[in-house]
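Hi,

Here is the structure I promised to pass on. Have a look at it first, and then read my notes below.

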Amino acid sequence: MMDNRRDFLKKTALATAGVAAVGSNAFSAKSYNKIVGANDRVRVGIIGFSNRFRSSLAPSFADHSKNMNFEFMGVSDIWNRRRDEAAAYFKGKDSAASDFIKCRNNDELLDRKDVDAVIISTADFQHALHSVAAIKSGRDVYMEKPFAESLEDAKLCLKTAEASKQIVQVGSQRRSAPNYHAANKFINSGEFGPISMVEMTWNVNQPGRWRLPELTKEIRKEDTDWDRFLMNRPKVAWNPRFYLEYRLFYPYSSGIPGQWMSHQIDTVHWFSGLDAPRSVSANGGVYVWKDGRVNADTFSAVFEYGPFDDPSKAFQVIYSSRMHQAAGDVKEYYYSNAGMINLDTNEITPEGGLQAGPAKAMGMKPNLLPTKKLGEVAKMETGANTGADPMTSLHMLNWMECVRSRKQPNAPARAGFNHAVANIMATRALHTGKRVTWDEKKSDIVVS
C-alpha cells in the first residue's frame, strides 16, 4: 500500500474514469447536476459498528463524503456498547450528522424516514439477510463480503436485489482497483491467451487473528439481543465467542473461504467470465492454533473452471491459506502458455512461457508475452486493522457514484452470489472430504 493514501487516490482518479474517480470528477459538472437529487444529501445508516467498519469502511466513506454530499445519520447495533462507541466515534466528525441517532436493531433503523442507504458490516452469516431487509425497505446497500454463508441465503439475496431498483455493492474491492481492471482488460484482449492455471495464496502468522479474548470476558448477554444475532441459525445457548469471534466458528462463518478466498476467487470469475467452478476438492483443519476454534487455520482447495457447455476447455485454480506461517504472503498468479500475470508485483512477464527450443522440437513457434507493467498498484492490506486502504476507498467511492447515477456498481449482487457459490462449495468439500460439483441447470451444489 502506498504511504500516502490521498496521493494515491488523486493519481488513480485520472487513470480510472469509469472505474472510480475522486468525488464528482467521475461525471462532468453538467451531467452531474442533471442527476435527480444530486444536490440532496444522502443519509446513510450503519448496520453493525464492527472493527472492520471502524478501521476501514468509515475512513473510506470519509475520504469522499464531502465531495459526494453523503453523511452517516445513525447506527443500528444489537450490542449497546457498540452503539455508544459509534456515537462517540462520530462526535464532531464531518462525515456524520450532528443529530446522529442510535437504534437497538435494524427494524428501528429501517422504519425511519431519514435513511437513504445503509452500509452492512455485521457477522458473515448475517450479510445476506440484513441486505434483503434493507433492499425490501427501499434502501441502497453496501454490504461487506462474503455475500452469504449458505446457498439458500445467497439465492434469496440475489433474487431480492435483482428484482429491485436498489444499488447493491458487495465489498469485493479488487473490482475497483485500477491494476485489476488493467489485468482484466489484458486477459480479455486475447493477448494473454487462454488462462491455463491460477495460483493463489493468503498466508499470515497471527495467533490473535479473529480473536477478541478481552471483549469476550466483558460482554454480557443482557446487553445484546442473542436471538436476533442467531437469525436463521440453530438456537443455541449464549456463547460470547460465537458472538464476537464468529469467524472461527461454523455456521456463523466459513473462516478462510469467506473472509479471504472470497476476494481472490472473485477475480477468477471476473477475468474469465465464468460464474462458478465446475468442481472443487478441499482439505485442511486446525493444525496449529488449538484454542477451541472450529474453522480451519490451514486450508487448500483445487477448483476446475471452464464453460459448462464445452468440457474440452478448462483451467485449474489452486488456492491455499494458512494462519500460522506467513511465508509467501498474499499472491495471485495467472498463467497462460505464453507467460504469467503477477498481481503482487503488478507485472506481465513471459516467465514460464513456451521457449524457442521446446517449440522448435515439436514444429511449433515460441509463445512469449511481452514484459510490461499493469499500471498503478492498489495493494490489498492483510493486517487485522486495515485502515482506509486504497482499494476500499475507491470501492466506496464507486458505490457513492452509483447511488447518485443509478448505474450498476463494480461489484453487484450477481458477483457476490458467484463468489458465495465457490466459497460454499469449497466449505462443503472441506467438511465432507468429498469432491463437490455445481449443477448449472438446477443452480445447486452436488456432493459426490
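Let me start with a question: is N398 buried or exposed? N398 counts as buried, because its relative accessibility is 4%; buried means under 20% relative accessible area, exposed over 50%, and partly exposed in between, with a 1.4 Å probe and protein chains only. N398 sits in helix α14 (residues 390–405), and its side chain reaches the backbone nitrogen of N410 at 2.9 Å. That is a polar contact, a pair of N or O atoms within 3.5 Å; within protein, one must be able to donate a hydrogen and the other to accept it, and residues adjacent in sequence count only if both atoms are side-chain atoms.

Some housekeeping. This is a predicted model, in which local features need pLDDT of at least 70 and side-chain atom pairs count only at pLDDT 80 or more, while totals for chains, interfaces and linings use all residues. Residues are numbered from 1 along each chain as its sequence is written, and side-chain values use heavy atoms, with hydrogens and water left out. Helices (H or I, at least four residues) and strands (E, at least two) are DSSP runs, numbered from the N terminus.

Now the sheet. Ten strands make an open sheet with mixed pairing, in the order β14-β13-β12-β11-β7-β10-β9-β8-β15-β16; two strands pair if DSSP finds at least two bridges between them. β14 (372–373) and β16 (444–447) stand at the edges with a single partner strand each, so one side of each has no neighbour in the sheet.

Strand β7 (residues 197–203) runs parallel to β10, joined by seven bridges. Within that pairing, M197 has Q316 as its bridge partner, W202 has S321, and N203 stands opposite R322. β7 is also joined to strand β11 (residues 330–336), by six bridges and in antiparallel fashion, with M200 opposite E332. Five of the seven residues of β7 are buried, so the strand is largely enclosed by the rest of the structure.

On to the nonpolar cores, which are sets of buried Ala, Val, Leu, Ile, Met, Phe, Trp, Tyr and Cys residues joined through side-chain atoms within 4.5 Å. The largest one has 93 residues, and F147, F303, Y334 and I341 touch the most other members. Helix α15 (residues 413–432) gives the most to this core, with nine residues. Apart from it lies another core, of 26 residues, including L57 and F70.

What about the aromatics? Rings of Phe, Tyr and Trp (its six-membered ring) pair if their centres lie within 6.5 Å; planes under 30 degrees apart are stacked, over 60 edge-to-face, and the rest tilted. By this rule there are 31 aromatic pairs. F125 and F229 are an edge-to-face pair, because their ring centres are 5.4 Å apart and their planes are at 75°. They are 104 residues apart, with F125 in the loop between β4 (117–120) and α6 (127–136) and F229 in helix α10 (residues 226–230). Both are buried.

Last, the charges. A salt bridge here is a side-chain nitrogen of Lys or Arg within 4 Å of a carboxyl oxygen of Asp or Glu, and the structure holds 29 of them. Here are three:

- E71 and R41 meet at 3.3 Å, N to O. E71 lies in strand β2 (residues 70–76) and R41 in the loop between α2 (29–34) and β1 (42–47), so the pair ties together parts 30 residues apart in sequence. E71 is buried at 8%, while R41 is partly exposed at 48%.
- R82 and E85 meet at 2.9 Å, N to O. Both lie in helix α4 (residues 80–90), three residues apart, about one turn of the helix.
- R414 pairs with E162, the closest N and O atoms being 3.3 Å apart. R414 is in helix α15 and E162 in helix α7 (residues 151–162), 252 residues apart.

R41 and E71 also belong to a salt-bridge network with R43, R112 and D114.

Cheers
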